[in-house]
Amino acid sequence: MRRKHYTPQYSKQRKNVVPMVLLAGVLLAGAGAFALFGPFSPFAAKNPVPSTPQTGSSSQASQAQSSEIASQASSVPVVEGTGIFKDAYPKAAQTLAGMSLKEKVGQVFLFRAPTEGDVQTVTEYQPGGFFLMSDSFKDKTPEQVRSMLKGYQDASKIKMALAVDEEGGTVTRVSQFSALAPKKFNSPQVVYANGGMDSIRQDTLEKADLLLSYGLNVNLAPVADVTFDRSAYMFPRAFARNGTRTAEFVKTVVQAANSKQLSSTLKHFPGYDSNPDTHTGVVTDNRDLATFRDSDFLPFQAGIDAGAQCVLVSHNIVTAMDAKNPASLSPEVHRILREELKFTGIVMTDDLAMQGLRDKVGESSAAPTAFLAGNDLLLSTDSSGDFDALYAAVQDGSVSQERLDESVLRILAWKYTMGIMN
């Protein structure tokens, strides 16, 4: 059956937008009003939203937060969802109804976990999650890692997505430390050479067991990029076979991770190929669109069809799709992902602090532009700067409450689906 898809609210081709009905009555007096999102959203209104939030904390929202919620009269739909998280949207809508504006803005960020002031960052910003680098695990015992991650969840009103890049080979955040893992995970190329797809499946299950045992619930893997150039930046991290074989690899990883309820992330859409490293500068990809459709898109499509919950978008400028904007800031790239590949899950940026993006956008935060382009989650090392920029954009109307609610609702539904929230 062909899956329903939808067009971004911010798209120039937006059509037949259903009028919004504000839920002030629900939030102030529990009346049975409801609202609808536009055609980009995989939701359809049915019944009124209960006014009681179901967040990761049992405590009631403070009077100040309640006043903020009421004063904004944000439109919160009760929904029957479609897409990958369809069964979780009603619960997500209940949680969304009880959130303040600041909490909603926090929810669309995946901050890099700071090594100092980490719990304070959770308390202050209530982010959707952290991505943890090697410095979060260095010199720690397993008990210290579990305690650290539990501390984050205890400080968060809504349970956090806690993510790492545990790709294997050159990118291992946890298993590189012998105190935390029985072995360092090999690259997908080595794993496959030693035992084919059965070894890939077993390797993924072992990764999932390790990460979940510590309280990590998202792996920023697998790498779905297709490249054959041994000198290329992405080659050691890629499966290093053609689009069809890489698609089989990605499907295997996603299915194995899903069986353990570890969320997978396909990266780096729309496909990295042999391009230089965007950590260090602007990267421009001049390949034609047919190449992407015939090769690069195949692993992403296979992962999406297998049930991948997340896709990470690169900072490469792909001229065949958008000659001006990095993919992470391009509405057209996101349209292709949503409409052509029919992806209904979480779209996230690569880290907004990477030099390839900074050189392109200058000193100002890219967070509002990235959010308007279609990303749900923004990976950010500059937690205060990026949060403040997006919060201000929502307050002044540059980013609509409708657009914010759309992504927050999807993030919450993802968390319910994956058991991050229950």
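Here are some notes on this predicted model, point by point.

1. Overall picture. The chain holds 14 helices and 14 strands. Of its 422 residues, 58% are buried. If you take the contacts with a separation of 6 or more, 74% of them come from residues 24 or more positions apart.

2. The largest pocket. Sorted by class, the lining comes out as nine nonpolar, seven charged and three polar residues.

3. Rolling a probe the size of a water molecule over the atoms shows where empty space is left. For this model, the count is two cavities of 30 Å³ or more. The largest cavity has about 170 Å³ of space. Among its 18 lining residues, Glu167, Lys207, Ala221, Pro222 and Val253 are the closest to the centre.

4. Three elements each put at least two residues into the lining: strand E6 (166-168), helix H7 (188-214) and helix H8. The top contributor is H7, which gives six residues. The lining has ten nonpolar residues, along with five charged and three polar ones.

5. The peptide bond between Ala221 and Pro222 is cis, with omega at about 15 degrees. As for where Pro222 sits, that is the loop between strand E8 (218-219) and helix H8 (243-259).

6. Another cis proline. The bond from Phe269 to Pro270 is cis as well, with omega near 10 degrees. Pro270 belongs to the loop that runs between strand E9 (263-269) and strand E10 (284-285).

7. The second largest cavity, and Gln126. This cavity has a volume of about 40 Å³. Its lining consists of Glu103, Gln107, Gln126, Pro127, Ser156, Lys157 and Ile158. By class that gives two nonpolar, three polar and two charged residues. Gln126 is worth a click for its backbone too: phi is near 45 degrees, a positive value in a residue other than glycine. You'll find Gln126 in the loop between helix H5 (118-125) and strand E4 (129-131). Gln126 counts as buried because its relative accessibility is 10%, under the 20% cut-off.

8. Asp139, also with a positive phi. Phi of Asp139 is near 65 degrees, again a positive value in a residue other than glycine. Asp139 lies in the loop between E4 and helix H6 (142-155). Is Asp139 buried or exposed? Asp139 is exposed, because its relative accessible area is 69% and the cut-off for exposed is over 50%.

9. Gln309, a buried polar side chain. Gln309 is in the loop between helix H9 (289-306) and strand E11 (310-313). Its relative accessible area is 4%, so Gln309 is buried. What does the side chain of Gln309 reach? It reaches the backbone nitrogen of Ser264 at 3.1 Å. A polar contact of 3.0 Å also links the side chain of Gln309 to that of Ser263. Setting aside neighbours within four places in sequence, the contacts of Gln309 include Ile84, Phe85, Asn258, Leu262, Phe343, Gly345, Ile346, Trp414 and Met418.

10. Helix H14. Trp414, one of the Gln309 contacts, brings us to the helix at residues 401-417. H14 has 17 residues and spans 24 Å from its first C-alpha to its last, close to the 24 Å expected at 1.5 Å a residue. How many of the 17 residues of H14 are buried? The count is 15, leaving the helix mostly covered. Just after H14 comes Gly419, with a positive phi of about 80 degrees.

Definitions and conventions
Residues numbered from 1 in each chain as written. Predicted model: local features only at pLDDT ≥ 70, side-chain atom pairs only at ≥ 80, totals over all residues. Heavy atoms only, no water. Nonpolar A, V, L, I, M, F, W, Y, C, P; charged D, E, K, R; others polar. Helix = DSSP H or I, 4+ residues; strand = E, 2+ residues; numbered from the N terminus. Buried < 20%, exposed > 50% of the residue type's maximum accessible area, 1.4 Å probe, protein only. Polar contact = N/O pair within 3.5 Å; in protein donor to acceptor, adjacent residues only side chain to side chain. Contact = heavy atoms within 4.5 Å. 1 Å grid on protein atoms, 1.4 Å probe; cavity = no way out; pocket = protein on both sides within 12 Å on 5 of 7 lines; lining within 4 Å. Points joined across faces, edges and corners; volume = space filled by probe spheres on them. Expected span 1.5 Å × (residues − 1).
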